[in-house]
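Q: I have a new model open and would like to learn how to read it, one feature after another. Where do we begin?

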Amino acid sequence: MPQPIETSFESNDGNLRQVVQYDFSSFSETEPANSMLLSLYNIWESLCGDAVMPRAEAFASGKLSILRMKNDISLLDVSSPNPWNFKIVTQTYLFRGDAKEINHDGFIRDIPELMHSRATMRECIKARQAVAPLYHELFMNFSGASQHFMQVSLPLSNADGLVSHLLFGTRDIVSWIN
């Protein structure tokens, strides 16, 4: 793995979360050739054209349908200036080999684990400020369920060229129940 550029650790009510951020220039060398995260990034990059990031509407056209069959992908609406008003637009996750999709207008503050909602909010703010993809390694333990995974955060723009949505993709390294 490349050298981390930032590491954060949070603990609350027995839940643990460690996030290691890497320089995005290491992304293509670090991710396996068959990685969904690499495929997701390649789709994102191909839709950029001459812009810094693609328009959010580009991902409403079914570009993610194949990836959603196998992987954890979330799309967040981050257009509100209030950090607690970021909304989960759609979320696909794997559970025992089956992909489940959740479509809702839930606010980030409604995520049951407050620590997770705060961390997601910080990630959204960081991505909006960077206006560039972010690459992380995460170690988490929530209510006895442990996970170790890689995550890419990809910004999407509105008609004014401002970050309005974030596309998150995750690749499990290890998941287990204690």
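A: Let's begin with a loop. Ser-80 sits in the one that runs between β3 (72–77) and β4 (87–95). Keep in mind that this is a predicted model.

Q: Is Ser-80 buried or exposed?
A: The idea is to compare the relative accessible area with a cut-off: buried means under 20%. Ser-80 has 19% relative accessibility, so it counts as buried.

Q: Which residues does Ser-80 touch?
A: Leaving out residues up to four places away in sequence, Ser-80 touches Asn-85, Phe-86 and Arg-128.

Q: On to backbone angles. What should I look for in phi?
A: Most residues other than glycine have a negative phi. Here, Val-131 has a positive phi of about 50° although it is not a glycine. You'll find Val-131 in the loop between α4 (114–130) and β6 (134–142), and with a relative accessible area of 30% it is partly exposed.

Q: How do I check the length of helix α2?
A: Count 1.5 Å a residue, using one less than the number of residues. Helix α2 covers residues 36–48, which is 13 residues, so it should span 18 Å; the end C-alpha atoms are 18 Å apart, in agreement.

Q: What happens at the start of α2?
A: Look at Ser-35: one of its side-chain oxygens comes to within 3.0 Å of the backbone nitrogen of Leu-37.

Q: Which residues of α2 are buried?
A: Those are Met-36, Leu-37, Leu-38, Leu-40, Tyr-41, Trp-44 and Cys-48. Two of them, Tyr-41 and Trp-44, are three residues apart in the helix, so about one helical turn separates them.

Q: How many aromatic pairs does a search of the whole structure find?
A: Six. Take Phe-27 and Tyr-135: the ring centres are 4.9 Å apart and the planes are at 85°, so this pair is edge-to-face. Phe-27 belongs to helix α1 (residues 27–30) and Tyr-135 to strand β6, so the pair ties together parts that are 108 residues apart in sequence. Phe-27 is buried at 1% relative accessibility, and Tyr-135 is buried at 0%.

Q: How are the rings of Tyr-41 and Trp-44 arranged?
A: That pair is stacked, at 5.7 Å centre to centre with 25° between the planes. Tyr-41 counts as buried at 15% relative accessibility, as does Trp-44 at 4%.

Definitions and conventions: Residues numbered from 1 in each chain as written. Predicted model: local features only at pLDDT ≥ 70, side-chain atom pairs only at ≥ 80, totals over all residues. Heavy atoms only, no water. Helix = DSSP H or I, 4+ residues; strand = E, 2+ residues; numbered from the N terminus. Buried < 20%, exposed > 50% of the residue type's maximum accessible area, 1.4 Å probe, protein only. Polar contact = N/O pair within 3.5 Å; in protein donor to acceptor, adjacent residues only side chain to side chain. Contact = heavy atoms within 4.5 Å. Phe/Tyr/Trp six-rings, centres within 6.5 Å; stacked < 30°, edge-to-face > 60°.
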